[in-house]
Amino acid sequence: TVKLSVSAKIKGLDPAYANDLYSGTQISYAYEGLLQYHYLKRPYELIPNLAEAMPKVSADGKTITFKIKKGVLFQDDVSFKATNGKGRELVAEDFVYSFKRLADPKLASTGWWIFDGKIQGLNEWRDAAKKSDKVDYSKAVSGLKAVDRYTLRIKLTKRSAQFLYYLAMPFTTAVAKE
């Protein structure tokens, strides 16, 4: 148990709603993303967090491939029924799921702006979800793919100098589907 004093009311601990300083700070204590900022370097420098290394970016700047660190476990929780409450290993599919959560119109994430119009097929997935009673997270998005257990490929609609910086924000941290 960790007890911290906070000078404002925290909206919640769901990364999909990390749109203010206080919630974002608390969420960053519980969740991690692919990249983070080096805490001592100025100007700011991105470094790997849950990624093994900085991603490989294609020559056209539109395909970004991450290798996920092996052996990273989610916190133990009763929701992990398949492992009797023991936290399972983080895999690339967790990022695909987490990024789709930002696009899920039923969740109305305050972080949707990060990916809006930027990842191939994600806006179309969101539009289909708007028309459906239930959001189908199993439906593929052409620009988000878990190539294998530890490889995540993101295809952008166009080159973006800011995109990697978005992946260091609390909105883009990994959430287990369970």
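**Aromatic pairs**

In this predicted model, the count of aromatic pairs comes to 10. To see one of them, select F115 and F163, whose rings form a tilted pair with 5.9 Å from centre to centre and 35 degrees between the planes. F115 belongs to the loop between α2 (92–103) and α3 (122–130), whereas F163 belongs to helix α4 (residues 163–166), so the pair ties together parts that are 48 residues apart in sequence. Are these two residues, F115 and F163, buried or exposed? Both F115 and F163 are buried. Now extend the selection to F95, F99, W113 and Y166, which ring pairs link with F115 and F163 into a cluster.

**A buried arginine**

Next, select R126, which lies in helix α3. R126 is buried and yet has no salt bridge, and the nearest side chain of opposite charge, that of D127, is 5.5 Å away; for comparison, a salt bridge requires a side-chain nitrogen and a carboxyl oxygen within 4 Å. If you show the surroundings of R126 and leave aside residues up to four places away in sequence, the residues that R126 touches are L102, A103, D104, P105 and W112.

Move on to T63, which is found in strand β4. Leaving out residues up to four places away in sequence, T63 touches K56, V57 and S58, and also R153, I154 and K155.

From here go to A82, in the loop between β4 (63–67) and α2. A82 counts as exposed because its relative accessibility is 82%, the cut-off for exposed being over 50%.

**A nonpolar patch on the surface**

For the last stop, select V2, L4, V6, L21, Y22 and Y29 and switch to a surface display. Together V2, L4, V6, L21, Y22 and Y29 form a nonpolar patch on the surface, with about 640 Å² of accessible area. Within this selection, pick out V6, which lies in the segment before α1 (21–30). V6 is classed as partly exposed because its relative accessible area is 31%, and patches are made of residues with over 30%.

Key. Residues numbered from 1 in each chain as written. Predicted model: local features only at pLDDT ≥ 70, side-chain atom pairs only at ≥ 80, totals over all residues. Heavy atoms only, no water. Patch = residues over 30% accessible without salt bridge, like charges linked within 9 Å, V, L, I, M, F, W, Y side chains within 5 Å. Areas by Shrake-Rupley, 256 points an atom, 1.4 Å probe, with all protein chains shown as cover. Helix = DSSP H or I, 4+ residues; strand = E, 2+ residues; numbered from the N terminus. Buried < 20%, exposed > 50% of the residue type's maximum accessible area, 1.4 Å probe, protein only. Phe/Tyr/Trp six-rings, centres within 6.5 Å; stacked < 30°, edge-to-face > 60°. Lys, Arg positive; Asp, Glu negative; His and termini not counted. Contact = heavy atoms within 4.5 Å.
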